[in-house]
Amino acid sequence: MGKTSDDDERIFFPETPIKPLAKANSVDKSPEKPHYLGHRDRLRQRFAAGSDALPDYELLELLLFRLIPRADTKPVAKALLARFGTLAEVLGAPVARLEEVRGIGPTVALELKIVAATAQRAARSEIKGREVLSSWTQVLGYCRSVMAFEEREQFRILFLDKKNALIADEVQQVGTVDHTPVYPREVVKRALELSATAIILAHNHPSGDPTPSRADIEMTKLVIETAKPLGIAVHDHIIIGKKGHASMKGLLLI
């Protein structure tokens with residue numbers, strides 16, 4: 001009460017400006033909505049109807065919607081696949097290499113790695129506590145998800161109990177692009193610490209070819225010889241490549 005109209009205007013701050021009434025026969029010059037907004041809605045509807053029908057680049061688009069909210073993500077998705085080859089390779093790529101793709105900054109690259117880590121954790125949960133020899137497909141899928149696209153060799157051990165259920169899964173060594181040092185005594189020592197009665201060895205070949213080398217075979221036999229007197233069995237040594245895997249047991253190499 002008692003305030004002038006000028007005072008009222010000074011204390012009234014609407015969140016959005018009030019638009020004047022349009023004059024008769026005036027042309028609406030409001031900007032058109034970006035074309036990708038309708039595309040996003042249509043793509044979400046297609047996903048809800050069944051994700052299997054979507055190609056990889058569209059699934060990647062859906063993922064990028066939340067990470068890049070105000071841009072057309074189709075070119076970015078296609079650029080990622082053109083650079084790395086497959087959806088799995090996109091998620092497996094290091095942050096630094098992801099950032100080399102136009103449209104991918106540090107935040108988006110990190111978010112993609114979070115998605116990759118979530119997928120790996122889900123794959124691991126499929127075999128945790130289960131009898132792994134009867135879940136071999138899941139074991140291979142897990143090893144592939146965590147190792148296939150690493151740029152350096154990684155030596156991993158799956159430790160099993162007397163029922164061949166997974167106790168632990170650990171990376172023992174990380175090496176170079178074509179070599180990882182493995183110490184059989186350290187492998188056996190860790191198995192004893194975890195009360196494991198069996199192990200599965202796994203490592204990746206960043207070159208992509210999973211064929212076992214002579215050094216791979218000799219190292220595996222040395223681990224077997226070291227572990228056997230202590231009652232620890234080596235069920236297999238799996239080598240993971242980008243395009244497949246090799247089982248030393250399946251190849252009758254051990």
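1. Glu58 counts as buried, at 6% relative accessibility, where buried means under 20% relative accessible area, exposed over 50% and partly exposed in between, computed with a 1.4 Å probe on protein chains only. The place of Glu58 is in helix H3; helices here are DSSP runs of H or I with at least four residues, strands are runs of E with at least two, and both are numbered from the N terminus. Leaving aside neighbours within four places in sequence, Glu58 is in contact with Leu43 and Arg46, contact meaning heavy atoms within 4.5 Å.

2. On the basis of these values: this is a predicted model, in which local features need pLDDT of at least 70 and side-chain atom pairs count only at pLDDT 80 or more, while totals for chains, interfaces and linings use all residues. Residues are numbered from 1 along each chain as its sequence is written, and side-chain values use heavy atoms, with hydrogens and water left out.

3. The side chains of Glu58 and Arg46 meet in a salt bridge at 2.9 Å, N to O, a salt bridge being a side-chain nitrogen of Lys or Arg within 4 Å of a carboxyl oxygen of Asp or Glu. Arg46 lies in helix H2 (residues 35–49) and Glu58 in helix H3 (residues 56–67), so the pair ties together parts that are twelve residues apart in sequence. Whereas Glu58 is buried, Arg46 is partly exposed, with a relative accessible area of 39%.

4. A search of the whole structure finds six salt bridges, and one of them joins the side chains of Arg97 and Glu151 at 3.1 Å, N to O. Because Arg97 belongs to helix H6 (residues 95–98) and Glu151 to the loop between helix H8 (136–147) and strand S1 (154–160), this pair ties together parts that are 54 residues apart in sequence. Both partners are partly exposed, Arg97 at 29% relative accessibility and Glu151 with a relative accessible area of 39%.

5. Glu170 and Arg190 also meet through their side chains in a salt bridge, at 2.7 Å, N to O. Glu170 lies in strand S2 (residues 166–174) and Arg190 in helix H9 (residues 184–193), so the parts that are tied together are 20 residues apart in sequence. Salt bridges that share partners join Glu170, Arg190 and Glu193 into one network. Glu170 is partly exposed, with a relative accessible area of 25%, and Arg190 counts as partly exposed at 29% relative accessibility.

6. Lys78 lies over the face of Tyr57, at 4.7 Å from the ring centre; the rule asks for NZ of Lys or CZ of Arg within 6 Å of the ring centre and within 35 degrees of the ring normal.

7. Leu59 is likewise found in helix H3, and at 32% relative accessibility Leu59 counts as partly exposed. Not counting residues up to four places away in sequence, Leu59 touches Phe47, Leu54 and Leu87. Leu59 and Phe47 are twelve residues apart in sequence and 8.2 Å apart in space, C-alpha to C-alpha.

8. For helix H7 (residues 106–125), the 20 residues at 1.5 Å a residue should span 28 Å, and the end C-alpha atoms are 29 Å apart, which agrees; the expected span is 1.5 Å times one less than the number of residues. In H7, Val108, Ala109, Leu112, Ala116 and Ala123 are buried. Seen down the axis of H7, these buried residues fall within an arc of 105°, so they line one face of the helix, the arc being that of the directions from the helix axis to the C-beta atoms. On the other side of H7, Pro106, Thr107 and Arg121 are exposed. What covers the buried residues of H7 includes H3, helix H5 (87–92), H6 and H8.

9. In helix H8, the buried residues are Val139, Leu140, Tyr142, Cys143, Val146 and Met147. Down the axis of H8 they fall within an arc of 160°, so they line one face of the helix. Their cover includes H7, S1, S2, strand S3 (198–204), strand S4 (233–241) and strand S5 (244–247). The twelve residues of H8 should span 16 Å at 1.5 Å a residue, and the end C-alpha atoms are 16 Å apart, which agrees.

10. Among contacts between residues at least 6 apart in sequence, 59% join residues at least 24 apart.
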